[in-house]
Amino acid sequence: MSATMTTTVPTSSGRRLGSEEVYEPAMKLQDFDGYKFAPIRESQVSREMVTRYMNDMLYYAESDVVIMGCGSAGLSCAWELSKDPSLKIAIIEQSVSPGGGCWLGGQLFSAMICRKPADKFLDEIEVPYEEKENYVVVKHAALFTSTILSKILQRPNVKLFNATAVEDLIVKDKKVAGVVTNWTLVSLNHDTQSCMDPNVIEAKVVVSATGHDGVMGASGVKRLESIGLIKETKGMHCLDMNAAEDDIVHYTREVVPGMVFTVSRTVAELDGAPRMVHKIAGTGYIHI
């Protein structure tokens, strides 16, 4: 013997989760009967995307600041610098998805731990947190990353070029004067294809905010050492949370004319500072 249960769902009104207030939707289900989007041609979509991207490439071919890496340090740096509307700022991110490793906390856990006074920065960008004595806890690292990313991308003087790799630096008279770029997929396949030449962006200042060592991590340090502008790198030391973050702030600086290092993995590689799962390391104190 079986029974059939029928549930009737009203379409005229309802309640939002966690609220007793009656919610009246602007449109009812029947309003979507025969609903159609406005027509568009495939060529229109292509032209809109290509035109805007090419215009951005033309405009940012000469930038005031190029930030290598769109993780927590690069985003924090862009946040501070873009407060000056006269600066033209290009962010280069090798991944399709910006944010670096800051979508999660340590070992793929959710919470992000920030030592004070980083809470002042979280207040500024309006990210909520749970307060402890000497640190604060953001319930999910993605909350920080998505919030600051969405706000930076709305600023008219910032352009994010994601899925783009910095392959090399422009150096003139021992001064860093820009970056050499290519599509990330091209950069990762130079050994499998014939020569694929890159593009360039000139800049008054290049900020190295690359994170983990790897194909492109800490690339600025390695390249400057290879051409003799940095005599010797000390190599990143083992983890020490109490020493690491103070060291990163202390050692953030213009390492060679035209190039600033401002993230834990890059600075640690150069100065021998301890490694650290560092969340907010960007700096706005760059003289242009």
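**Close-up A. Tyr59 is partly exposed, at 49% relative accessibility.** Partly exposed here lies between buried, under 20% relative accessible area, and exposed, over 50% (1.4 Å probe, protein chains only). Please keep in mind that this is a predicted model, in which local features need pLDDT of at least 70 and side-chain atom pairs count only at pLDDT 80 or more, while totals for chains, interfaces and linings use all residues. Residues are numbered from 1 along each chain as its sequence is written, and side-chain values use heavy atoms, with hydrogens and water left out. The charged end of Lys88 sits over the ring of Tyr59, 4.0 Å from the ring centre; for this, NZ of Lys or CZ of Arg must be within 6 Å of the ring centre and within 35 degrees of the ring normal. Elsewhere, the ring of Trp79 has the charged end of Arg155 over it, 4.0 Å from its centre.

**Close-up B. Tyr59 also belongs to an aromatic cluster, together with Tyr53, Tyr60, Phe161 and Trp183.** The structure has 7 aromatic pairs. One of them is Tyr59 with Tyr60, an edge-to-face pair at 5.0 Å centre to centre with 85° between the planes. Rings of Phe, Tyr and Trp (its six-membered ring) pair if their centres lie within 6.5 Å; planes under 30 degrees apart are stacked, over 60 edge-to-face, and the rest tilted. Is Tyr60 buried or exposed? Tyr60 is buried, with a relative accessible area of 4%.

**Close-up C. Asp64 and Lys204 form a salt bridge, with 3.1 Å between the closest N and O atoms.** The two residues come from distant parts of the chain: Asp64 is in strand 3 (residues 62-68) and Lys204 in strand 11 (residues 199-208), 140 residues apart. A salt bridge means a side-chain nitrogen of Lys or Arg within 4 Å of a carboxyl oxygen of Asp or Glu, and the structure holds 11 of them. Asp64 is buried at a relative accessible area of 11%, whereas Lys204 is partly exposed at 49%. Strands and helices are numbered from the N terminus as DSSP runs (helices H or I, at least four residues; strands E, at least two).

**Close-up D. Strand 11 pairs with strand 3 in the parallel sense, over 6 bridges.** Two strands count as paired if DSSP finds at least two bridges between them. Val66 stands opposite Val206 of strand 11. Val206 has a bridge partner in strand 13 too, namely Met259; strand 13 (residues 259-261) and strand 11 are parallel and joined by 3 bridges. Strand 10 (residues 175-183) runs antiparallel to strand 11, with 4 bridges between them, and here Gly178 stands opposite Glu202. When you follow the side chains, remember that in a regular strand they alternate between the two faces of the sheet.

**Close-up E. Strand 8 (residues 158-162) is largely enclosed by the rest of the structure, because 4 of its 5 residues are buried.** Strand 4 (residues 89-93) pairs with strand 8 in the parallel sense over 5 bridges. Within this pairing, Leu160 of strand 8 is the bridge partner of Ile91.

**Close-up F. Asp271 and Arg253 form a salt bridge with the closest N and O atoms 2.9 Å apart.** Asp271 is buried, with a relative accessible area of 13%, while Arg253 is partly exposed at 30%. In another place, salt bridges that share partners join Glu80, Lys83 and Glu124 into one network.

**Close-up G. Lys132 and Glu130 make a salt bridge, their closest N and O atoms 3.1 Å apart.** Lys132 is partly exposed at 33% relative accessible area. Glu130 is likewise partly exposed, at 44%.

**Overview. The protein chain has 8 helices and 13 strands.** Of its 288 residues, 40% count as buried. Taking contacts (heavy atoms within 4.5 Å), 65% of those between residues at least 6 apart in sequence join residues at least 24 apart. The accessible surface comes to about 17500 Å², 54% of which belongs to carbon and sulfur atoms. Areas come from the Shrake-Rupley method with a 1.4 Å probe; for residues, only the protein chains shown count as cover.
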